[in-house]
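User: I have a model to go through with you. Could we start with one local detail and then look at the whole chain?

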Amino acid sequence: MAADQKSMFSSLDFPLLSGIFMICGIGMIALYSASGEDVDMLIKHSARLGFAFLAMYVVSRIPTSTLSTLSLHLYCAGLVLLVLVLSVGIIGKGAQRWIDLGFVRFQPSEIMKITVPMMTAWILTKHPLPPRKFTLSLAVLAVAVPCVLIILQPDLGTSLLIAASGSVVIFLAGISWKLILSLGVAGVVAAPLVWNLVLHDYQKERIITLFDPWSDSLGAGYHTVQSIIAIGSGGVRGKGWLSGTQSQLEFIPERSTDFIFSVYGEEFGLAGVILLLVLYLFLVARGMWIALNIDDSYSKLLAGGLSITFFIYVFVNIGMVSGILPVVGVPLPFVSYGGTSIVTLMIGFGILMGISRRIKPY
């Protein structure tokens, strides 16, 4: 019996699993407070976490060679879903981002956070590394197509995160610094076109408000101002669990989802924030260790891409609620209340655990 259990859980990387469990535990504590002690929300969140852990375990059992073979199929399926969203997707908060199946509602763009790195790594490793111009062009195209479809929803924040997830894989494949500099210059040149032709008025307003949120503290800057006040008032040790004035008096908007870090920072202070950041950095470091110690190129690029992309998710959310980045609607991994995003994150870590299982002991 013990041997069966050992083989059953052999695909799970204990360091990664421990870090995820601790962050999810912190998330449950923060969510209970942020939701106004809503037990029903906590139960729903627990059920979603349970399903997400199951998905992580199932994915961790899939051989990396199978994932490589499925990369193109999963990517194409994701594109089909994105097209369906634009035609039959349901509208919420001014955006058309979800598909409703009756018993569940999900956001197909979240799936692309996994399939885009998989597809990019698959394209790049089909040819010698570092990639040549043709291979690089295919990889860039694979990243650009879903990003354009997601911008049309519109969902600029998610499209930027997906662009980052694919770009990280391309960077890890070994492109030259000269090319990176050229792309940077091209981005600067294209910025005016993006500003005038791509961004909506509310998105422009968020970027402008970033530099001085207090100039419109009751309008476009409200989210940022209230979040900064909450985090700053937490001090070193925090005001105590369930005792945050900004959160409990409902000054913080979206406090159960995108701005839950503000609630946590106010109640647990700098000490609690440092603990959470250390746990996040531990997961990223473990993921990069896996990437460095695996043999085949596909697994190496995929593990490195998923690990750095996870760091970007954390950085963007904390930067957003701290007032150093525009408000783009990115949840805090494993802490914010959510459904599809949590499952997607767990699948990503399931892939990392499956890759970790194949690392040969010294």
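User: Which residue just after α10 takes a positive phi?

Analyst: That is G235, with a positive phi of about 60 degrees. Please note that this is a predicted model, in which local features need pLDDT of at least 70, side-chain atom pairs count only at pLDDT 80 or more, and totals for chains, interfaces and linings use all residues. Residues are numbered from 1 along each chain as its sequence is written, and side-chain values use heavy atoms, with hydrogens and water left out.

User: What span should α10 have, and how far apart are its end C-alpha atoms?

Analyst: Helix α10 covers residues 222–233, and its 12 residues should span 16 Å at 1.5 Å a residue (1.5 Å times one less than the number of residues). Its end C-alpha atoms are 16 Å apart, in agreement with that value.

User: Which residues of α10 are buried?

Analyst: T224, V225, Q226, S227 and A230 are buried, meaning under 20% relative accessible area with a 1.4 Å probe, protein chains only.

User: What covers them?

Analyst: The cover includes α11 (245–248), α12 (260–293) and α13 (297–322).

User: Turning to the whole chain, how many helices and strands are there?

Analyst: The protein chain has 14 helices and 3 strands. These are DSSP runs numbered from the N terminus, with helices as H or I of at least four residues and strands as E of at least two.

User: How much of the chain is buried, and what box does it fill?

Analyst: Buried residues are 48% of the 362 in the protein chain. Its C-alpha atoms fill a box of roughly 60 × 55 × 45 Å along the principal axes.

Technical notes
Buried means under 20% relative accessible area, exposed over 50%, partly exposed in between (1.4 Å probe, protein chains only). Contact means heavy atoms within 4.5 Å.
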